[in-house]
Amino acid sequence: MGLSQIKNGIFSVKPLKDKKGEVKTTPKPSEKEKITYSDYGFLQAGKLGGTFPGLKVCLQKLYHDFNQDIRNDNVKQDELKKPYKIKIEEYKGDNERIEKKIAKVKTDYLVRAIKKIELLKEELSHIKKNPQEITGDDAGKASFLIGGIILLFLTIYLFVFYSSASYSAFFKEFSLNEIGVANSIFDAQALSKALTDGVTELTLILTIPFVFLGLGYLIHKFQEQKGFIKYIKITILILITFIFDSILAFEITEKIYNIKKDNSFQDMDDYTYSFAFQSTNFWLIIFAGFIVYLIWGFVFDFVMESYAKTDKIKMAIQEKEKQIKDAEAEHKDLEEQVDKMTHTIDANNTEISKLSSILESSIIPREFEHDIFSFLTGWMSWMKQSGRSHTDLDEADRITREFVEATINRFEFKNTN
Amino acid sequence: MTLESTLKGHFLNLYHMALSDAEVDTTELAMLYKIGEEKGVSKNEIDDVVVRPDTIKFTSPESVLEKIESLYDFARIAWADGKIDENEERVLCMFCSKFGFENENVPIIVKFLLDEAQKGTSKEDVFKIVSENL
């Protein structure tokens, strides 16, 4: 057959029925009463051979008809939509509150936090440029370094001097060719000779310098104390050191004197303190030891003071940097709060839009779920009678549950009415 | 098999029309569903016709040419796999009847549409023939 059969008037359509008289999807109440959903399910399963596409189509048709029915029931729809409308208003109210809070954080807290950071940075820069405001004078790192270097060399000197002088005083046996000034005080081989004599001897001459260094340190510590008594303590310490030094000097000069006496053809008096005070060697040892010890004490005190000052600046800078770090953390926290609140607004808007789209459509009440499962019961009864397997029954159940999930459970609120 | 989106839209439109028809038989609906599935319309897309009808724009053809356009698109869908089966022909007949064409003319119209769809005749040419035979 070709176009030959197409004749004039073949595409004419019947006159339209009066739409008012048309019965659309709503089933008649009498029909509803006559047949239950379970019976309907049984009948439809028989008609469609219990196939899965058949079941799906029936579910769709039931849903569609129910939807048409409920859509026209404005009172019911208003009732069902009420919780959604309330929820939307709640979200809108939340958003307004959050927006106000964001505005407050942005215009007030954040601005204050930024100003605080700027102020602290300025203060930090001021401290770095004007450290004397913290220390009270201009003594800086340079003083500390120079003092430190001098102190180091003085310490080495004192160590060498006292270890050598101690060796000479305690252990050395002088001979005639060793009674010169330098030889009497300083012995270049003091350590090796002490080691040859024994470890204990070496230990003694190695540790004796620390007695003097300790005395010097104590002077510094006493100076830090308050009150008049510190001067008495310092004076006693200096006297003790002087006496100790004098004993060492006396011992050395006595040994030198005795060598001279033993090798003299004339009678010589025994060595006394009055001889010692008149001996150049005695005073040389005192000056080379005790005076240097006093200088060491003053330099040590000066270095410690410089260190305290630089440390004070360091501490002030560290404190300021900590304050800046805290202020920056506070600023970051505020920004995170704003982000979080903005995110909440976005999430609320998504919910509002989701709920609004639900409001635009008609809402299916929970009772439909009951009708659907009644229908499934009938459908499955037919399947069972036809000897369908459990797998098929499970699949029918799964299809129905999936359909219910997609149709009814998509609404956020469960309608119990 | 994937159907071009316009044809898919027309199929869903027809499916919605069938679903909305109070007098539609579930066997006819099942046939239509099966045709859709076979031609590559996904289950979710068919479900959306039911579940989210407000998100899809459905139009019911009013004029003869609009009705012919719907039917001709369905005929093209039917030919998409290169063959026509009995169910497809029956569904096309069903829509012809629903659209109000005279029952005695329905088989001729169906045959005409399927033949033209097979030949790939343009819609304009089909409309021209229809317009001449109103």
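This is a predicted model: local features need pLDDT of at least 70, side-chain atom pairs count only at pLDDT 80 or more; totals for chains, interfaces and linings use all residues.
Residues are numbered from 1 along each chain as its sequence is written, and chains are lettered from A in the order in which they are written.

**View 1. Helix α2 of chain B.** This helix, a DSSP run of H or I with at least four residues, numbered from the N terminus, covers residues 26-38 and reaches 18 Å from its first C-alpha to its last, close to the 18 Å expected at 1.5 Å a residue. Just after α2(B), B:Gly40 takes a positive phi of about 100°.

**View 2. Surroundings of α2(B).** Its buried residues (20 or more other C-beta atoms, placed from the backbone, within 10 Å of their own) include B:Leu29, B:Leu32, B:Tyr33 and B:Ile35. The buried residues of α2(B) pack against α2 (37-48) and α3 (52-71) of chain A, together with α1 (5-20), α3 (43-51) and α5 (86-98) of chain B.

**View 3. The contact between the chains.** With contact taken as C-beta atoms, placed from the backbone, within 7 Å, 29 residues come from chain B and 31 residues from chain A. On the side of chain B that touches chain A, the largest share, seven residues, comes from α2(B).

**View 4. The largest nonpolar core.** This set of buried Ala, Val, Leu, Ile, Met, Phe, Trp, Tyr and Cys residues, joined through C-beta atoms within 7 Å, has 66 residues, and those with the most contacts inside it include A:Trp379, B:Leu71 and B:Phe95. Not counting residues up to four places away in sequence, B:Leu71 touches B:Leu92, B:Phe95, B:Cys96 and B:Leu113.

Terms used: Helices (H or I, at least four residues) and strands (E, at least two) are DSSP runs, numbered from the N terminus. The expected span of a helix is 1.5 Å times one less than its number of residues. A residue is buried if 20 or more other C-beta atoms lie within 10 Å of its own, exposed if 12 or fewer, and partly exposed in between; C-beta atoms are placed from the backbone. Two residues are in contact if their C-beta atoms, placed from the backbone, lie within 7 Å.
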